[in-house]
Amino acid sequence: MKSLIFILTLCIIAVFSQAATPLITLSQSQSHPEANESFKVNEAKSQNTASSCTYTVTIKTSCNSPSYTRDQISLAFGDAYGYQVYVPRLDDPRSGTFERCSTDTFQIHGPCTYQTCYLYLYRSGYDGWIPEQVTVYSYGYNPVTFYYNTYIPNGIWYGFDYCRGYLPSTAAE
């Protein structure tokens, strides 16, 4: 009887340790952000519009960033199946968003996605805002952190695509 309890305990530990294993690691993907001139906001893909999900996104601004920014900051993230969440403008200079060394938290509503595997930021302006990291929290999936800590070029989507190699083929077009 003791051996049966021991085996069941080991099985439970194995199951829970597998559940906590991150699905995305930097070894699977690029370790620094890249410009993506071909990235398009996925307005045409309207699946999952009947279901809406809430995401928490935290953005930590680098201590090397200007003290505040008037830059317009947009965000897009999604999964390997083409489901995408797009926020056309996160910034609000009147509220102190994206001040140097600060962390801002946003509650974002959008179409439901599977595990987030890409994230891009778009900056428009002259202040030169520098994010340190962006973390996306979604219900039922592990949080994913994207480490920038570099200047975001003006007028181009800039970020990470962990989807490449994540699945045998991706539906994102």
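Mentor: Cys 53 and Cys 112 form a disulfide, with 1.8 Å between their sulfur atoms; the term stands for a pair of cysteine sulfur atoms within 2.5 Å. The model is a predicted one, in which local features need pLDDT of at least 70 and side-chain atom pairs count only at pLDDT 80 or more, while totals for chains, interfaces and linings use all residues. Residues are numbered from 1 along each chain as its sequence is written, and side-chain values use heavy atoms, leaving out hydrogens and water.

The link of Cys 53 and Cys 112 is right-handed, with 90° about the S-S bond. It connects distant parts of the chain: Cys 53 belongs to strand 2 (residues 52-61), whereas Cys 112 lies in the loop between strand 5 (103-111) and strand 6 (118-124), 59 residues apart. Strands (E, at least two residues) and helices (H or I, at least four) are DSSP runs numbered from the N terminus. Cys 112 counts as buried because its relative accessibility is 15%, while Cys 53, at 24%, is partly exposed. Here buried means under 20% relative accessible area, exposed means over 50%, and partly exposed is in between (1.4 Å probe, protein chains only).

How many disulfides does a search of the whole structure find? The search finds three. Another of them joins Cys 63 and Cys 101, whose sulfur atoms are 2.1 Å apart. Cys 63 sits in the loop between strand 2 and strand 3 (72-78), and Cys 101 in the loop between strand 4 (84-87) and strand 5, so this pair ties together parts that are 38 residues apart in sequence. Both ends are partly exposed: Cys 63 has a relative accessible area of 45%, and Cys 101 has a relative accessibility of 41%.

The disulfide between Cys 117 and Cys 163 has an S to S distance of 1.9 Å. With 80° about the S-S bond, this link is right-handed. When bonded cysteines are counted along the chain, the disulfides follow the pattern 1-4, 2-3, 5-6.

Strand 6 and strand 9 bring us to the sheet. Five strands make an open sheet in the order 1-9-6-3-4, with antiparallel pairing. Strand 1 (34-35) and strand 4 are the edge strands, each pairing on one side only. Strand 6 and strand 9 run antiparallel and are joined by five bridges; two strands pair if DSSP finds at least two bridges between them. Within this arrangement, Tyr 118 stands opposite Asp 161 in strand 9.

Let us return to strand 2, which also contains Tyr 55. Tyr 55 counts as buried, because its relative accessibility is 2%. Its contacts (heavy atoms within 4.5 Å) include Cys 112, Pro 111, Thr 113, Phe 77 and Tyr 137, leaving aside residues up to four places away in sequence. Thr 113 is 58 residues from Tyr 55 in sequence, yet the two are 10.0 Å apart in space, C-alpha to C-alpha. A polar atom of the Tyr 55 side chain lies 2.7 Å from the backbone oxygen of Pro 111.

Charged residues link other parts of the chain. Side chains of opposite charge can pair when their charged atoms come close. A salt bridge is a side-chain nitrogen of Lys or Arg within 4 Å of a carboxyl oxygen of Asp or Glu, and the count here is four. One of them joins Arg 70 to Asp 127, the closest N and O atoms being 2.7 Å apart. Arg 70 is in the loop between strand 2 and strand 3, and Asp 127 in the loop between strand 6 and strand 7 (131-138), 57 residues apart. Arg 70 counts as exposed, at 53% relative accessibility. Arg 123 forms a salt bridge with Asp 71, with 3.0 Å between the closest N and O atoms. Since Arg 123 lies in strand 6 and Asp 71 in the loop between strand 2 and strand 3, this pair ties together parts 52 residues apart in sequence. Both Arg 123 and Asp 71 are buried.

Terms used. Polar contact = N/O pair within 3.5 Å; in protein donor to acceptor, adjacent residues only side chain to side chain.
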